[in-house]
Amino acid sequence: MKGFRITAFWQALIAAVLAYLVFDNAFPPVLPKTLMIQYMIITIIGILLYFAFDDRKWEEFKAPILSTLKDDNKAPLRWFFLIAIPLLAAWVVYGAVKPSYEAPVELRQVHPAPPASLKVYNKTFDLATLENPVRNDILETLAKDRDAGWGKYRESVAAGRDIYYQNCFYCHGDLLDGKGHYAHGFSPQPINFQDPTIIPQLQEAFLFWRITTGGPGLPVEGTPWNSAMPVWHEMLAENDVWNVINFIFDYNGQVPRIWDPEVSKTVSGMKDEVLARRKNIMGRDLYRFRCEVCHGEQGAGDGVAADFMYPRPRDFSLALFKYKTSPGTELPRDEDLFNTIKMGLPGTAMPGWGLQGRALLSDEQIRSLIPVIKGFDITQA
């Protein structure tokens, strides 16, 4: 239409409406109301500043508003706004405070319930009846031949230990306390396997589900805190997962929740026997339990976890020690090794085994390790 022109007031109104539509639809996910209000306030202020910058445009922008407020022939329009604006405000307030009859939103669960079934390794597992097949095989062998049963148990725990330290200790920690190298960067934090209120309350089927499916396997009620746990069934064999589970319980002297009372009694008996053996563990046996995974069977710094650490664990066979008070090439004094083991080495994976608050080794146990460490010195052979 010739001569048709949109005045400044309607330009401003159209710009505000278009901005609202863009904010509401063009940015997935949908903006929350509070952010939408902030964006619209900023947009309206920007529109007003734009038209107020030029006197002619500002007068043109104000003209319809002043006309509505002053002209005698605009009285019906004034009454309309006088009634409509309070009603609109009342409707908005009512919508914000009125009670809802909808079911409340389900809160996020850090430890959501597992599904009824699980499909991994090209098999479907019923999690309500799933049991640890490796543990069952150990128990069956133990009933027939005690020595053979304990042999299988030690093999399973050793295999699980190797897998854990090659894959899991970065997050869950070398002490299985959830304080690994990367732990502080995650929300939620990696689980603390040493916590007696967590692991003993869980069935092995639950751990199998969480390990094999990882964070992506969590149900919707587990979001928005998505776990950083990898999908391990794509990287580990089925028996590897069960061996890791056996290692976790063995290392912490705990047992899973087992519904069968006879099986639970047998497993608890095995735990009691393991803890009795470890109660006064010393010397070489203690080294195997606590140190071998990093420093290696012969102390050469070549344990299963060594390749994944920087700096690498100390090679005791070379008799080269960074922290010592003895002169020259002499072996460190006993107190030097004692202090290193007890206090640990900040900036490395070496924990403080005797630190107050979490002392895992007594002073007597630490002293029993000193001749073991010195005994690896091949330069004295």
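Ala, Val, Leu, Ile, Met, Phe, Trp, Tyr, Cys and Pro count here as nonpolar, Asp, Glu, Lys and Arg as charged, and the others, Gly among them, as polar. The second largest cavity uses these classes: its lining has four nonpolar, no polar and three charged residues.

This is a predicted model, where local features need pLDDT of at least 70, side-chain atom pairs count only at pLDDT 80 or more, and totals for chains, interfaces and linings use all residues. Residues are numbered from 1 along each chain as its sequence is written, and side-chain values use heavy atoms, with hydrogens and water left out.

## Overall form

The protein has 14 helices and two strands. These are DSSP runs, numbered from the N terminus (helices: H or I, at least four residues; strands: E, at least two). The radius of gyration is 34 Å, well over the 21 Å that the globule rule gives for 381 residues, so the protein is more spread out than a compact globule. That radius is taken over C-alpha atoms, and the rule is 2.2 Å times the number of residues to the power 0.38. Along its principal axes, the C-alpha trace spans about 110 × 60 × 40 Å.

## Cavities

Rolling a probe the size of a water molecule over the atoms shows where empty space is left. A cavity is a set of points, on a 1 Å grid over the protein atoms alone, where a 1.4 Å probe fits but cannot get out; lining residues have an atom within 4 Å of a point. Grid points are joined across faces, edges and corners, and a volume is the space filled by probe spheres set on the points. The whole structure holds two cavities of 30 Å³ or more.

The largest cavity has about 100 Å³ of space. Its lining counts 14 residues, and Tyr 153, Asp 250, Gln 254, Val 255 and Lys 271 lie nearest its centre. Helix α10 gives the most to this lining, with five residues. By class, the lining has seven nonpolar, three polar and four charged residues.

The second largest cavity has about 40 Å³ of space. Arg 161, Tyr 165, Tyr 251, Arg 288, Phe 289, Arg 290 and Val 293 line it. The largest share, three residues, comes from α11.

## Helix pairs

Axes are lines fitted to C-alpha atoms, over the stretch in contact, and angles run from 0 to 180 degrees between N-to-C directions. Contact means heavy atoms within 4.5 Å.

| Helix pair | Axis separation | Angle |
|---|---|---|
| α11 and α14 | 8 Å apart | about 95° |
| α3 and α4 | within 7 Å | roughly 100° |
| α6 and α10 | within 13 Å | roughly 75° |

α6 and α10 are therefore roughly perpendicular to each other. Angles under 35 degrees count as roughly parallel, over 145 as roughly antiparallel, 65 to 115 as roughly perpendicular and the rest as oblique. Arg 146, Trp 150, Tyr 153 and Arg 154 of α6 meet Met 270, Glu 273, Val 274 and Arg 277 of α10. This contact has four nonpolar, no polar and four charged residues.

Helix α3 (residues 55–70) and helix α4 (residues 75–97) cross at roughly 100°. That makes α3 roughly perpendicular to α4. Thr 68, Leu 69 and Lys 70 of α3 touch Leu 77, Arg 78 and Phe 81 of α4.

Helix α11 (residues 283–290) packs with helix α14 (residues 363–374) at an angle of about 95°. α11 is thus roughly perpendicular to α14. On the α11 side, the contact is made by Gly 283, Arg 284, Leu 286 and Tyr 287. Gln 365, Ser 368, Leu 369 and Val 372 make it on the α14 side.

How values were computed
1 Å grid on protein atoms, 1.4 Å probe; cavity = no way out; pocket = protein on both sides within 12 Å on 5 of 7 lines; lining within 4 Å.
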